[in-house]
Amino acid sequence: MEEASGRRSKLTIRSEREREREREREREQYRSSMLQCIFLLSDSGEVILEKQLTGHRVDRSICAWFWDQADSLKSLPVIASPTHYLFQIVRDGITFLACTQVEMPPLMAIEFLCRVADVLSDYLGGLNEDLVKDNFIIVYELLDEMIDNGFPLTTEPNILREMIAPPNLVSKMLSVVTGNASNVSDTLPSGTGSCVPWRPTDPKYSSNEVYVDLVEEMDAIVNRDGELVKCEIYGQVQMSSQLTGFPDLTLSFANPSVLEDMRFHPCVRFRPWESHQVLSFVPPDGQFKLMSYRVKKLKNTPLYVKPQITSDSGACRVSVLVGIRSDPGKTIESITLSFQLPHCVSSADLSSNHGTVTILSNKTCTWTIGRIPSDKTPCLSGTLALETGLERLHVYPTFKVGFKIMGIALSGLRIEKLDLKTIPPRLYKGFRAQTRAGEFDVRL
Amino acid sequence: MFNQFGSTAETLSKASAAVLRIGTDAHLYDDPEDVNIAPLLDSKFESEKCEALKRLLALIAQGFDVSNFFPQVVKNVASQSSEVKKLVYLYLLHYAEKRPNEALLSINYFQKDLGDPNPLVRAWALRTMAGIRLHVIAPLALAAVGKCARDPAVYVRKCAANALPKLHDLRLEEHAPSIEELVGILLNDHSPGVVGAAAAAFTCICPNNFKLIGKNYKKLCQILPDVEEWGQILLIGTLLRYVVARHGLVRESLMLSLHGLDSNGFYEKDGLVSDKGDGDKSDSFDANLVSLVSKCYIEGPDEYLKDTTSVGDNEDVKILLQCTSPLLWSNNSAVVLAAAGVQWIMAPLEDVKRIVKPLLFLLRSSTASKYVVLCNILVFAKAVPSLFAPHFEDFFICSSDAYQVKAHKLEMLSLIATTSSISSILREFEDYIKDPDRRFAADTVAAIGLCAKRLPEIPTACLNGLLALVKQESFAGDLELVDGEAGVLVQAVMSIQTIIERDPLSHEKVIIQLFRSLDSVKVAAARATIIWMVGVYCSLGHIIPKMLTTITKYLAWSFKSEASETKLQILNTAAKVLISAEVEDFQMLKKIVLYLLELGGCDLNYDVRDRTRFLKKMLSYKLACHEPAEDSVASQENIAEHVVEHVFGRKLKPFSPLNLHNRFYLPGSLSQIVLHAAPGYEPLPKPCSFVFEEHDQLSDSDRQREATSDLNGSQESSETVDEDGSSEYDSESYNGSEFSSDGDERNEANDAADPLIQFSEITVSTDQEELRSKRALDLWLDEESSTSNQTPSALDRNQSSYAKISIGDIGSRVKPKSYTLLDPGNGNGLKIDYTFLSEVSTASPLHVCVEVLFQNSSTEPILEVNLEDEEAMNVSDSAEQTLVGKANASYNNVPTLIPMEELSCLEPGQSAKRLIQVRFHHHLLPMRLSLHYNGKKVPVKLRPDLGYLVKPYSITIQEFLATESRLPGMFEYSRRCTFTDHVKDTRMENGKDKFLSICESITLKVLSNSNLHLVSVDLPVANTLEDATGLRLRFSSKILSSEIPLLITITVQGKCNEDLNLTVKINCEETVFGLNLLNRIANFMVETSSSAS
């Protein structure tokens, strides 16, 4: 008995050791860097450019492999291919594909790719295949600054802008005329060494301005019984600051208790928020997102959408009513309603008494309402013809609602005040708010 | 001039067509090869080079191999244009590994750039040089990294940290300790940006070298919120691993909750369960799963039980939890997830809740991150469903979710459903079933089954819905038309089956309904499941057995038209039915079965034929007899019956989902997403496997320093825990390096070390800082060769001189200079001399002790001699003085004098010594005193001696160098002077070592004239016996009034027997004082000391 257990323990020890050795071997075999390569793919699967990050090169055939995968696999953000682990995000038709062979936090890779996409679209004024190709040198230079040996190096937009000048009309003209315009800075941006890397040292403005925007998105789900199942606000405090020197700002809310959860820009100090819910920070220069927050369990949406559908013997009658449920006090603008007609619908004949209805070839139907007129309730009505052989509709579309309300934050969050520690001369402060629809689903 | 438009008409038209693309690099990308690149590369215009390089990059982007241009490109590395440089670097890095020989050509330029005053240029050079990854240049790259690790620019240090993994990739076994040591240095950097990059390097290079973390653990925790987001992610993981290795898991944490005294009781007490408020305790957490999870995290056979710790009494754990919890508010999802992982593993149960809301907030980020976050939340929810149960609404599906996200959300909902929330969840599910995405609808149906299984109270409602669904689906017309419709039906039947499984008897009617629907259900898989149920439940209740004959008849009738999957199931079922058949139906059933077996035997599908043959054999005994209960006589048949019973009559065993995914990986890891251990994945270290001997290390640091030459990385890096990084580094590299001080020598050493590269360009640089670090690195790189350069005798001498010239030994020979306060001519025969003493005043740190020697050279006694402050100022209290001293504003203050004991009488010829303590109000201005004697009052002036307005500051050579390196530029000033004292001395004692006597005389001179601490005496090694050049003495002190350190370095030049040229250098923040003292030193060095002879 004893002997047996002894043998077993010996066995486990050996397997332990073997496992360790194996791991050691694995570590030997694979490079220690994180991301090995980044590819940018066009929407047709063509490699626009590749950036090798380590000496261990990744052949671009991996992209072909990736592109040939079935949709269910291809749409996964993290894919284990036979040779590499792939991370991907898709932004405006461009697929950002990163490869690694070793364990690393996948969210880190994904967040980094998102950051790259953000920076590129900021630099190029959008993101599409042509823009990337036209400015491939800038893309290369940016990637080179942003990542070194597979680990993010400089991702702070402020610093990047100082290192590599964004393309603009002036530089373009200059390069046409003189044939020579370097967009690479000769000097190291001051932010790299400071303890507030998001801020260039000592910017100077003749007039000092701070603007605070509350931008809120309303997520709501109305189920098929017309009940509001979920209604919450996802908001951002966006700021635009042009302040001289090294300003220290404090922003406080009148009712911070409504906030369910929040996330902060790195500039926000945690302590003051923990102790008395005050945002204290040294702002970056220019536009930035100070914080994002969530307010849950709202009781009401500003709009109601009442869809009805009756189907009988191969034809369906649809009618959708849209109106104001609870008046927010400001005009509700750019109201749209879009939905995907089910596959089994062969043709649709829809019309509305207000606004325009368009049906695209991929069966996406969009009803642009704009503002709700005072004299009537906008109504979309019409018939859907089902495919032959189908008697009734058994799957129903979901309506996605879009709207925008300027001048109000539906969450009810209110900014109390914005203070500067040292008030510069000629200071302008401004506050704005707006709410728009986020994921607003009305199910039929 | 307009060369962008290209030379051909075609490109011209292209360019004009895309007006918007003018000025961009579009044409370069589209037609990179429409001009000849090679001549452009050799052009003398930067713009043309630039264009050529851009074209090459365009070719690289498009996947062409343009490595044949390598030699031409490399030449351009010398370009002054930053853009050309950048482009060349981009190209180089892409191809360097392919063309190692040509890549070497560029090394010299990097070396040169590394010395560039522009930090950006240095950083670029370092990044590229390390990125080239050639074994040949690895030592150079390592030296460069080491140098840049102490660069004044944060960005350069950050790049140095990033370069370490590149070197590590080359698998330089012999340099591994040095690399790890550099990681340690960079981890100890005071800039958060560098620490972040160093954490990344640590994770890549030596994730288990916890000594490096142990030294700085608290500091790393404190700096964590300021570290860059990317660094935070890895640093959090590193700190977690360290704490687990050092202190083990937390007793109150989830991971160990099972092994606590009374885990379940404890758990229910602390309110997590009451959160749910529905008393559904069974799933507050899944005990087995949690223990499985923790086993997976640690991967050891129950070792995690051995040593545990508690948050309450462990400071390290507490700090870790404290510093990671605000990061749950980070803007970066990966940081939030990493922080949540730490809380999940280490936080006490009741605190784990705090990760819930931040995690849920992450669900509002990009699709890709949403998916990864959900995968992780799923694991958390599997172990502790109650955490997320109140937030079920967050997992409701919106139409824009990707399919994978929807599937995960469904799984989540079915995991966290409770009796209170199930009704809302089921209502949502009803909506989902009508979703146009039928695959999703099918998943929903499966999820309903899971919910019903978990919550025994709800099946009836579910079942009715599902049955309705089955009915509806089967009537939905031609199912082939709609994709995925079949899947919904199959799932519905399977869900019904899972629900029935729990309690078949009470669901008899449902089973019958299903049987009835057989006629309308057309999907093979669904039919097969229903038919299978016929077999399993054939003897259940009262009604079903009566229906059997009909059903079997129906099956036999439809057999021909079935799919083979269904056919197999029909055959199985027929066998089961026959076995359990009652007497009255037996004959009938037997016939049907025989008929089925006939049919099956001729089937086209060989699986079906095989199955038929098998069954025929098995059932032969049954088919042969006439009554089901008839006892078979032959024992052989009896066995067959047993076998058949066993094969077909076995009851179902409950299926445990636990076995499905019994591997868990650390939260936030890649492995958890791909569900296998990715290469490089490591579970948490063994709890308490790392023992950190802080105190031992400290006390042994001296001994360790002796062993420096071994360059044992871990030992090395763990010495002198509380010193700051740079000084520690200095200490290490300087220990063996002081003997070499001249550029030429350094050059030689370099050449010997690595013949491939010439350092000449760098060594030419006159920047002191530069030189110093350079030399240190070379030595550090080639410790072996350097130490061998140092001949034993030289070493010996070095040691001996160091040992002999100490203040204690020389003290007897130090003769402080005395000054005259009162001339006997002026004072009627009273002569007063004073000397400054090196003792520190007892009154206050600002006072200087002065010994006053009274001598009566007259013939009459002098009475009542006393010295007083002229303004007769009261001694202010010490508190004020220190305050003033701190404020460094002593100038404004009235000088004070601590009066001496009055001399009542001084006989002729008699002399007396008195001690006074004086505070000078300015280091140059004399202090007015009034001398009283014989009732007279004479004003006298006490002149301060700068050399005594400082006090010895006892520091080690390492500290000295660290302080010195912090005081460059304007805080450093030097003066030259000559020194002759030694000449006499050397000649006098001919037998004595010349160097030694020079050292002694210089030291003597210095110490006789000022109050300093001798730090070290360094001897040049390669010198001839006559040449004293390179001899260096270091003194340190603190300014009395302000406690500011003041460093003095005296470097000797010249022959031993001749007059020496001394360079006196002072490093001090107090510039004015420093300069004055420098002059003073230069002055007294020149004075020939008549008193010494």
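Ile639(B), Val643(B) and Val647(B) form a nonpolar surface patch with about 240 Å² of accessible area together. Patch residues have over 30% relative accessible area and no salt bridge, and nonpolar side chains are joined within 5 Å. Areas come from the Shrake-Rupley method with a 1.4 Å probe. A salt bridge is a side-chain nitrogen of Lys or Arg within 4 Å of a carboxyl oxygen of Asp or Glu. The model is predicted, and local features need pLDDT of at least 70, side-chain atom pairs pLDDT 80 or more. Residues are numbered from 1 along each chain, and side-chain values use heavy atoms.

Ile639(B) lies in helix H36 (residues 635–648) of chain B. Helices (at least four residues) and strands (at least two) are DSSP runs. Ile639(B) is exposed at 54% relative accessible area; exposed means over 50%, buried under 20%, partly exposed in between. An α-helix has 3.6 residues a turn, so residues three or four places apart point the same way.

In helix H2 (61–68) of chain A, Ile62(A), Cys63(A) and Phe66(A) are buried. Down the axis of H2(A), the buried residues fall within an arc of 100 degrees, so they line one face. The arc is taken from the axis to the C-beta atoms. Their cover includes strands E1 (37–41) and E2 (47–52) and helix H3 (71–74) of chain A.

Gln277(A) sits in the loop between helix H9 and strand E12. Lys363(A) sits between strands E18 and E19. Gln277(A) is partly exposed at 33%, and Lys363(A) at 22%.

Key: Chains are lettered from A and ligands numbered from 1 in the order in which they are written. Buried means under 20% relative accessible area, exposed over 50%, partly exposed in between (1.4 Å probe, protein chains only). Patches are made of residues with over 30% relative accessible area and no salt bridge: like charges are joined within 9 Å, nonpolar side chains (Val, Leu, Ile, Met, Phe, Trp, Tyr) within 5 Å. Contact means heavy atoms within 4.5 Å.
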